[in-house]
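Q: Could you go through this one with me slowly? I'd like to start with the backbone and then move on to the ligand.

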Amino acid sequence: MLTIALPKGRIAKETLDKFQKAFNEEFIFEDRKLILEKQNFRFLNVRNQDVPTYVMHGAADLGVVGLDVLEEKEYDLIKLLDLQLGKCKVAFGLRKGEELDFSKSEITVATKHEKIAKKYFEQKAMAVEIIKLYGSIELAPLVGLSDCIVDIVETGTTMKQNGLEVGPTIMESSAHLIANKNSFYAKKDRILDLKNRIQEVI
Ligand SMILES: Nc1ncnc2c1ncn2[C@@H]1O[C@H](COP(=O)(O)OP(=O)(O)OP(=O)(O)O)[C@@H](O)[C@H]1O
Ligand SMILES: O=P(O)(O)OC[C@H]1O[C@H](OP(=O)(O)OP(=O)(O)O)[C@H](O)[C@@H]1O
């Protein structure tokens with residue numbers, strides 16, 4: 001049995017579509033069930049941010065998660081394959097007409113991506129105050145909670161509709177198939193076969 005942690009939502013659905021193509025079998029989570037078992041696969045339906053945790057602890061052999069989340073967790077996991085889905089970037093959002101003012105003594109940034117934002121400012125040797133939020137990040141600069149945000153951008157629509165402009169990009173992201181190191185060595189043949197079959201349908 002291979003256990004694979006999938007992030008609830010769009011990425012899980014698109015990943016299961018790839019499995020369907022690769023293994024000629026329909027994979028769908030039933031109603032509110034969190035485990036789906038079929039063809040020697042056990043899929044787990046977990047929150048996006050929790051995928052690396054399940055894989056790191058070996059509760060799942062494999063996982064599917066955005067590079068942005070992997071970067072935040074800083075776990076020692078194997079990146080097996082870029083699934084070419086969930087493509088987006090992590091970028092600054094600024095109030096319309098404003099630019100990042102690098103001359104300020106300290107910038108306040110609201111974000112879900114704390115470590116990514118912190119690293120960016122460390123590299124520029126700039127002081128930053130990070131305000132951790134869990135959602136609706138775009139709201140923060142509009143009500144004076146922060147000077148700017150660091151968030152996921154795909155089309156830019158969310159920022160635009162909330163009076164923000166997309167600023168500099170920090171990193172590109174897409175969903176990757178990841179593996180627990182011990183699982184990878186213990187189940188190498190099966191995992192590499194899975195990787196190859198998925199690669200063929202990307
Ligand atoms: N608009 C988007 N287009 C493409 N990919 C996206 C988009 N938004 C997010 N992603 C990618 O999908 C992942 C999951 O995003 P989503 O917004 O569903 O998670 P989340 O809100 O962080 O999860 P949770 O609710 O569990 O905290 C992100 O980490 C990112 O890699
Ligand atoms: O640039 P865009 O195409 O507008 O996409 C960016 C938005 O997509 C994501 O939100 P999502 O749709 O996942 O909503 P949620 O995070 O609030 O659940 C992300 O948190 C951004 O707000």
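Q: Where is E74 found?
A: In this predicted model, E74 sits in the loop that runs between α3 (67–73) and β5 (78–82).

Q: What is phi of E74 near?
A: Phi of E74 is near 55°, which is a positive value in a residue other than glycine.

Q: And is E74 buried or exposed?
A: E74 is exposed, because 9 other C-beta atoms lie within 10 Å, and a residue counts as exposed if that number is 12 or fewer.

Q: Ok, now Q39, which loop is that in?
A: Q39 lies in the loop between β2 (35–38) and β3 (41–46), and its phi is near 50°, again a positive value in a residue other than glycine.

Q: Why does Q39 count as exposed?
A: Q39 counts as exposed because it has 11 C-beta neighbours inside 10 Å.

Q: Changing topic, how many residues surround ligand 1?
A: There are 15 residues around ligand 1, and the closest are R47, N48, G66, C88 and E154.

Q: What classes are in that shell around ligand 1?
A: By class, the shell is made up of 5 nonpolar, 6 polar and 4 charged residues.

Q: Which domains does the shell draw from?
A: At least three residues come from each of domain 1 (2–86 + 174–200) and domain 2 (88–173).

Q: What does UniProt place at residues 47–199?
A: An unreviewed UniProt entry places the feature "domain: ATP phosphoribosyltransferase catalytic" there; in the model, the span 47–199 is 30% helix and 32% strand, with its end C-alpha atoms 24 Å apart.

How values were computed
Residues are numbered from 1 along each chain as its sequence is written. Chains are lettered from A and ligands numbered from 1 in the order in which they are written. This is a predicted model: local features need pLDDT of at least 70, side-chain atom pairs count only at pLDDT 80 or more; totals for chains, interfaces and linings use all residues. Helices (H or I, at least four residues) and strands (E, at least two) are DSSP runs, numbered from the N terminus. A residue is buried if 20 or more other C-beta atoms lie within 10 Å of its own, exposed if 12 or fewer, and partly exposed in between; C-beta atoms are placed from the backbone. A residue is near a molecule or strand if its C-beta atom, placed from the backbone, lies within 6 Å of it. Ala, Val, Leu, Ile, Met, Phe, Trp, Tyr, Cys and Pro count as nonpolar, Asp, Glu, Lys and Arg as charged, and the others, Gly among them, as polar. Domain bounds come from an automatic or database domain assignment. UniProt positions are given in the numbering used here, feature names are shortened, and annotations may be inferred rather than shown by experiment.
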